[in-house]
Amino acid sequence: MANGLPDPPCGLLTADAARSLVDSVDAFLFDCDGVIWKGDKLIEGVGETMELLRKMGKKIVFVTNNSRKSRRQYSKKFRSLGLEVTEIYVVGEDGILEELKLAGFECFGGSEDGKKNIILEADFYFEHDKSVGAVVVGLDQHFNYYKIQYARTCISENPGCLFIATNRDPTGHMTSAQEWPGAGTMVAAVSCSVQKEPIVVGKPSSFLMDFLLKSFNLETSRMCMVGDRLDTDILFGQNTGCKTLLVLSGCTTLPELQDASNSIHPDAYTNSVYDLVGLLQK
């Protein structure tokens, strides 16, 4: 029992459990925000942990839902969806635009549309590009009413237009000081306006695991997903057959894990990835 609360079904990681976990897997999948860093600050002991795991012959894979930076796997998954379209409208930042352009897609929107405003006047008609075949929504610091309307109009009025979300994270550690609204906030606004659910390509969707399996040729049972969020990282690991380790250095707190209403339980939990170093050297 911790903090007067009952122990969760999963256990606090011990030295024996840590050795057993490491021996049972060939690859560790690490979420980034709240696990490796918070904002621009590296979490203490991450470097030593990565070095130790590599020395033990483990593959290290960083798996993030943060679409502010370029991620090639997202564009590859778009291709697998049959996304052969003329134009893509992006509600997000430069990372998505760069990746889609590298993959050969024509796209627009992003940060530039954050500078645009709408003045609602009588009989105002919102013009949009009728060749847009997909709208991709991710984390966007420049989210505004113009972007919602452009996305809504494309999805609602362009025949067959796909609605794709990088992830549905409600919050994230955009700075080391506190949590901020995540991509799920933007996705929810667009989803509400079109009354339609998106195709989600980030965690906990299995799209990402399909990419990892092809890239690393490993069995999911020989992987361990390490993350700080129950509803994305840990659920992703469980949905795809990985072992799971929750770290309390990011979004999820021990009381939240122990709460009776929580139905997502990792195989084990610990304070931070650095705990592995101490436990494995005992």
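Between which two strands is the loop that holds aspartate 33? Aspartate 33 sits in the loop that runs from strand 2 (27–30) to strand 3 (37–38). The structure discussed here is a predicted model.

**Annotated positions**

An unreviewed UniProt entry gives the feature "binding site" at Asp31, Asp33 and Asp228. These positions are spread over 198 residues of sequence, yet they cluster in space, with a largest C-alpha distance of 8.1 Å. The annotation "binding site", again from an unreviewed UniProt entry, also covers Lys203.

| Residue | Loop between | Relative accessible area |
|---|---|---|
| Aspartate 33 | strand 2 (27–30) and strand 3 (37–38) | 15% |
| Aspartate 228 | strand 13 (223–227) and helix 8 (230–239) | 1% |
| Lysine 203 | strand 12 (199–200) and helix 7 (207–216) | 1% |

Aspartate 33 counts as buried because its relative accessible area, 15%, falls under the 20% cut-off. Aspartate 228 is buried as well, at 1%, and so is lysine 203, at 1%.

The side chains of lysine 203 and aspartate 31 form a polar contact at 2.8 Å. Leaving aside residues up to four places away in sequence, aspartate 228 touches Asp31 and Asp33, and its other contacts include Gly34, Val35, Asp233 and Thr252.

**Nonpolar cores**

The largest nonpolar core comprises 26 residues, and Phe28, Phe30 and Val226 have the most contacts inside it. At least two residues of this core come from each of helix 1 (15–24), strand 2, helix 2 (46–55), strand 13, strand 14 (243–247) and helix 10 (275–280). Among the residues that phenylalanine 30 touches, beyond those up to four places away in sequence, are Val35, Met50, Leu53, Phe62, Val226 and Val273. Another core, of 21 residues, lies apart from the largest one; Val132, Val135, Ala165 and Ala183 are among its members.

Five strands make an open sheet in the order 7-6-8-9-12, and their pairing is parallel.

Valine 136 is positioned opposite isoleucine 164 of strand 9. Helix 6 (residues 183–194) packs on the sheet and touches strand 8 and strand 9. The direction of helix 6 makes about 155° with that of strand 9.

Definitions and conventions:
Residues are numbered from 1 along each chain as its sequence is written. This is a predicted model: local features need pLDDT of at least 70, side-chain atom pairs count only at pLDDT 80 or more; totals for chains, interfaces and linings use all residues. Side-chain values use heavy atoms; hydrogens and water are left out. UniProt positions are given in the numbering used here, feature names are shortened, and annotations may be inferred rather than shown by experiment. Helices (H or I, at least four residues) and strands (E, at least two) are DSSP runs, numbered from the N terminus. Buried means under 20% relative accessible area, exposed over 50%, partly exposed in between (1.4 Å probe, protein chains only). Contact means heavy atoms within 4.5 Å. A polar contact is a pair of N or O atoms within 3.5 Å; within protein, one must be able to donate a hydrogen and the other to accept it, and residues adjacent in sequence count only if both atoms are side-chain atoms. A nonpolar core is a set of buried Ala, Val, Leu, Ile, Met, Phe, Trp, Tyr and Cys residues joined through side-chain atoms within 4.5 Å. Two strands pair if DSSP finds at least two bridges between them. Axes are lines fitted to C-alpha atoms, for helices over the stretch in contact, and angles run from 0 to 180 degrees between N-to-C directions.
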